[in-house]
Amino acid sequence: MIVAMKTDATNEEIERVVERISSFGLKALNMPGGERTAIGIASAIPPELRETLAEILESMPGVDRVTHVSRTYKLASREFHPIDTVVTIKGVQIGSNEVVVAAGPCAIESREQLLAAAKAVKDAGGKVLRGGAFKPRTSPYSFQGLGVEGLKLLKEVGEQTGLVTITEVMDQHDLQVVLDHADILQIGARNMQNYPLLTAVGKSDRPVVIKRGPSATIDEWLLAAEYVLAQGNSNVILCERGVHPLDREHTRYTLDLSAVPVVKFLSHLPVIVDPSHACGNWRFVAAMSKAAVAAGADGLLIEVHPNPSTALCDGAQSLKLESFATLMHDLRAVATAVGRKIEFGASS
Ligand code: PEP
Ligand code: MN
């Protein structure tokens, strides 16, 4: 349920509505907007109370109208929060008019590798450096990432280049060390329904990118976001990265680009797209990146590597640094065509 206050409602009137909601043992969330304040009820309202509560709240001074949120997710829904959320970290805004590009290697391998990738990302106009330190690998014999050593390199290179950083947190026990070294937390596709992990990241105030599980429906994905939002962390970004394919021969997953406008319709949260894991093949990454921007994505998460043929992880889907620069150039034209922008870097 959401209570829209009148545009001229006073702070006292808002406070009284919050207190009235709390008096029923329900959690009220004050959401000041540009024009007016809305108060959301985040807890489940017992069905027998629903009508009475709506009547009580509607008759209170300063209240404009009361709306029921029909979706199973509440805080993530656009019904609850009609205005687009913009997540800001160190001056980078995700969910604004600017399309934000995050790029970097699948896994951090060395200082040289990460720095070369970071410089290229920055020069081409990328804003965020990605790099995995804790890697979720299908085989226990594959390279598992450099762990804390990798996080240290990410922090160092992020500071050196001025790029915001993102890395995956795989386990809630690693959360503190990841918070100490990176700016944005990434929940991997395999962990989208790891509820203790979602709850733990929800207790921090750090931006969280939640990747869609390859078998997850859009509602399940939004409910994963709800876990983070319900803990009080409103800095949630959704990332489409491909769902289980009919045909694994040519692509690794199937990029569900329709998820972008669908999620934008259902939710106020920013949506970004990872074409690299979806395609699994660098040849298709540029086309799907452009398509994602055309479909309304707020950002991209792209794997790049100075020498993909030697990559310890996901080399086949990683763009070379020159191809990334070309892609950034082409993406600007697509962004302009759909009324968005991508900032220039030193070499673009
Ligand atoms: C990644 O981005 O490094 C990754 C492992 O992706 P996903 O969780 O989408 O498989
Ligand atoms: Mn990868």
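## Ligand 1 shell

The shell around ligand 1 divides into two nonpolar, three polar and six charged residues. Here Ala, Val, Leu, Ile, Met, Phe, Trp, Tyr, Cys and Pro count as nonpolar, Asp, Glu, Lys and Arg as charged, and the others, Gly among them, as polar. The model is predicted, so local features need pLDDT of at least 70, side-chain atom pairs need 80 or more, and totals for chains, interfaces and linings use all residues. Residues are numbered from 1 along each chain as written, chains are lettered from A and ligands numbered from 1 in written order, and side-chain values use heavy atoms, without hydrogens or water.

The residues around the ligand, each with a heavy atom within 4 Å of it, include R130, K135, E168, R241 and H277.

## Polar contacts and burial

A polar side-chain atom of K211 sits 2.8 Å from an oxygen atom of ligand 1. A polar backbone atom of A189 is 2.8 Å from a ligand 1 oxygen. For R190, a side-chain N or O atom lies 3.2 Å from an oxygen of ligand 1. Alone, ligand 1 exposes 290 Å², and the protein buries 97% of that. Areas follow the Shrake-Rupley method with a 1.4 Å probe.

## Manganese site

Ligand 2 is a manganese ion. Its protein donors are C106 (SG), H277 (NE2), E303 (OE) and D314 (OD), at 2.0 to 2.4 Å. Donors are N, O and S atoms within 2.8 Å of the metal (3.2 Å for Na, K and Ca). Their spacing along the chain is C-x170-H-x25-E-x10-D.

C106 is buried (under 20% relative accessible area), at 2%. D314 is also buried, at 19%.

Definitions and conventions: Buried < 20%, exposed > 50% of the residue type's maximum accessible area, 1.4 Å probe, protein only. Polar contact = N/O pair within 3.5 Å; in protein donor to acceptor, adjacent residues only side chain to side chain.
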